[in-house]
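Dear colleague,

Here is the structure I said I would pass on. My notes on it follow below the entry.

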Amino acid sequence: MADENAVTIYNNTAISDPNKKNSFSMKVGLAQMLRGGVIIEVTNVEQAKIAESSGACCVIVIENVQSGILRMPDPGLVREIKRVVSIPVMAKVRVGHFVEGQILEAVETDYIDESEVIGVADEDHFINKHNFRVPFVCGCEDLGEALRRIREGAAMIRTQGDGMKLGDIVKTVKNVRKVMGDIRVLSNMDEDEVFAFSKKIGAPYDIVAQTKQMGRLPVVHFASGGIVTPADAALVMQLGCDGVFVGPEVFGCGDPYKKARAIVQAVRNYSDPRLLAEVSSGFNEAMARFNVNESSVQQFGAARAY
């Protein structure tokens, strides 16, 4: 008998389930709505309004603390932001903390990010995301990790770079290239080689076979970590990502709306160098604030999420 949580009907770009019998495929469809967009981290209502006006497809609410353990944001803040913006609202929970997930689902958060960066509540177990109606986002650094999270019920994957070094995109690019490279290798394999490859990367065979069939991850794939310029955003898009996460440092420049809008435009027009040159102009002063150093990390919080 087929696994109720496995989706086996596809087109070239997304998981599809024409009969709408599979709740996972419906959550994947909701995540597909964010494709080609920018998700911006916010800590208050004012930042959420700026993100929405700049064209962000979603805001992700984070806890505003300078040190210590990061947890899910205040549910009251999530409710307040949902009242004032019309775009989807995402919020974070610690890895394995299914009660934080239950609370955010109860306040009608649109998406939940099980973030390994903000903290780990359970060292041995991730949340069983099939138990939730809300689509979940999970991070990865390689293909095997991505496919394991999808088997657990993640409807969206973010390839995670270094969240501690502001403006440092090197790890993000490395991990995106690694995921994309492994998918290309998988796509060119003979069918009888897929079993060994699944074992090598520690991922379920059926999800690996689906990835081979589609030639990409079976769910929406964003990049996260160090993306602070339009050029950074366009780079990961050209490498094959479906969108980007942008951290709260975008609000540390002189004109946060202009900066956020430029990144949104870069994601939408990532293959147009002339437009990228236009939207990248005028940020030299702002970029000085994103230099990777100790003081900048302290300015925006030592425990950043993206």
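Leaving out residues up to four places away in sequence, K27 touches K129, H130, F132, R133, V134, P135 and A155. The residue belongs to helix α1 (residues 23-32). K27 is buried but forms no salt bridge. The nearest side chain of opposite charge is that of E105, 7.2 Å away. Please keep in mind that this is a predicted model.

Some totals for the chain. There are 306 residues, and buried ones make up 55% of them. The secondary structure comes to 13 helices and eight strands. Among contacts with a separation of 6 or more, 63% are between residues 24 or more positions apart.

Apart from neighbours within four places in sequence, V42 is in contact with Q47, A48, A51, V59, I60, V61, I62, I81 and F251. Across the strand pairing, V42 stands opposite V61 in β2. Strand β1 (residues 38-42) and β2 run parallel and are joined by four bridges. Together with helix α2 (residues 45-54), β1 and β2 make a β-α-β unit, which is right-handed.

β2 also pairs with strand β3 (residues 89-95), again in the parallel sense, over three bridges. There, V59 has V89 of β3 as its bridge partner. In a regular strand the side chains alternate between the two faces of the sheet. Strand β2 (residues 58-61) is covered on both faces: C58 and I60 are buried on one side, V59 and V61 on the other.

Next, helix α9 (residues 230-238). Its buried residues are P230, D232, A233, A234, V236 and M237. What covers them includes α6 (170-187), β7 (220-224), β8 (243-246), α10 and α11 (273-279). Just after the helix, G240 takes a positive phi of about 120°.

Why is M237 counted as buried? Its relative accessibility is 6%, and the cut-off for buried is under 20%, so M237 falls in that class. Leaving aside neighbours within four places in sequence, M237 is in contact with D242, G243, V267 and Y270. One of these, V267, is 30 residues from M237 along the chain, and the C-alpha atoms of the two are separated by 6.7 Å.

Last, E249, which is found in the loop between β8 and α10. E249 counts as buried because its relative accessibility is 2%. Its C-alpha atom is separated by 9.8 Å from that of I227, a residue 22 positions away along the chain.

Regards

Technical notes
Residues numbered from 1 in each chain as written. Predicted model: local features only at pLDDT ≥ 70, side-chain atom pairs only at ≥ 80, totals over all residues. Heavy atoms only, no water. Contact = heavy atoms within 4.5 Å. Buried < 20%, exposed > 50% of the residue type's maximum accessible area, 1.4 Å probe, protein only. Helix = DSSP H or I, 4+ residues; strand = E, 2+ residues; numbered from the N terminus. Pairing = 2+ DSSP bridges. Right-handed = clockwise from strand over helix to strand, strands pointing away. Lys, Arg positive; Asp, Glu negative; His and termini not counted. Salt bridge = Lys/Arg side-chain N within 4 Å of Asp/Glu carboxyl O.
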